[in-house]
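This report goes through a structure residue by residue, with attention to charge, cover and contacts. Please look at the sequence and the model first.

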Amino acid sequence: METVKLSQIVEKLVPELSSFLTERELDISIVLRDGLSVLEPEDAVEIVQQSILEQQRNACLQ
């Protein structure tokens, strides 16, 4: 297990998405079961999508 910031995942695997994310989104902590070294770009895109959905869900609940 490894905990990283979403910004680390984006910078390493899909840097082209960084301009679409807010600082708050980039600062989200993500727990990776098998670590950052085994992630593929497709995994990173899915993590970004789920993180955005979670942020939107939390915003609606407030």
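In which helix is Leu13 found? Leu13 is found in helix H1, which covers residues 6-13. Helices (H or I, at least four residues) and strands (E, at least two) are DSSP runs, numbered from the N terminus.

The model is predicted, so local features need pLDDT of at least 70 and side-chain atom pairs count only at pLDDT 80 or more, while totals for chains, interfaces and linings use all residues. Residues are numbered from 1 along each chain as its sequence is written, and side-chain values use heavy atoms, with hydrogens and water left out.

## Leu13 and its surroundings

Leu13 is buried, with a relative accessible area of 16%. Buried means under 20% relative accessible area, exposed means over 50%, and partly exposed lies in between (1.4 Å probe, protein chains only). Apart from residues up to four places away in sequence, Leu13 touches Leu39, Glu40, Pro41 and Ala44. Here contact means heavy atoms within 4.5 Å. Leu13 and Pro41 are 28 residues apart along the chain, yet their C-alpha atoms are separated by 5.2 Å. For Glu42 and Leu13, 29 residues apart in sequence, the C-alpha to C-alpha distance is 8.8 Å.

## Helix H3

Helix H3 spans residues 41-61, and Glu42 is found in it. Is Glu42 buried or exposed? Glu42 counts as exposed because its relative accessibility is 57%.

Ser51 is also found in helix H3, but Ser51 is buried, with a relative accessible area of 7%. Beyond its neighbours within four places in sequence, Ser51 is in contact with Leu6, Ile28 and Ile30. Gln55 is another residue of helix H3. With a relative accessible area of 19%, Gln55 is buried. Its contacts, not counting residues up to four places away in sequence, are Arg24, Glu25 and Ile28.

## Charged residues

Which residues form a negative surface patch? The patch is made of Glu40, Glu42, Asp43 and Glu46. Patches are made of residues with over 30% relative accessible area and no salt bridge, with like charges joined within 9 Å and nonpolar side chains (Val, Leu, Ile, Met, Phe, Trp, Tyr) within 5 Å. Lys and Arg count as positive and Asp and Glu as negative, while His and the chain ends are not counted.

Side chains of opposite charge can pair when their charged atoms come close. How many salt bridges does a search of the whole structure find? The search finds 3 salt bridges. A salt bridge is a side-chain nitrogen of Lys or Arg within 4 Å of a carboxyl oxygen of Asp or Glu. The table gives the pairs.

| Asp27 | Lys5 | 3.6 Å |

The salt bridge of Asp27 and Lys5 links distant parts of the chain, 22 residues apart: Asp27 is in the loop between helix H2 (23-26) and strand S2 (29-32), and Lys5 is in strand S1 (residues 2-5). Asp27 is partly exposed, with a relative accessible area of 48%. Lys5 also counts as partly exposed, at 30% relative accessibility.

Glu54 and Arg57 are separated by about one helical turn, because they are 3 residues apart in helix H3. Glu54 counts as partly exposed at 35% relative accessibility, and Arg57 is partly exposed with a relative accessible area of 45%.

## Two exposed residues

Val31 has its place in strand S2. At 54% relative accessibility, Val31 counts as exposed. Leaving aside neighbours within four places in sequence, Val31 is in contact with Met1, Glu2 and Thr3. Val31 and Pro41 are 10 residues apart in sequence, and their C-alpha atoms are 17 Å apart in space.

Where is Phe20 found? Phe20 is found in the loop between H1 and H2. Phe20 is exposed, with a relative accessible area of 66%.

Conventions. Areas by Shrake-Rupley, 256 points an atom, 1.4 Å probe, with all protein chains shown as cover. Charge placed at Lys NZ, Arg CZ, Asp CG, Glu CD.
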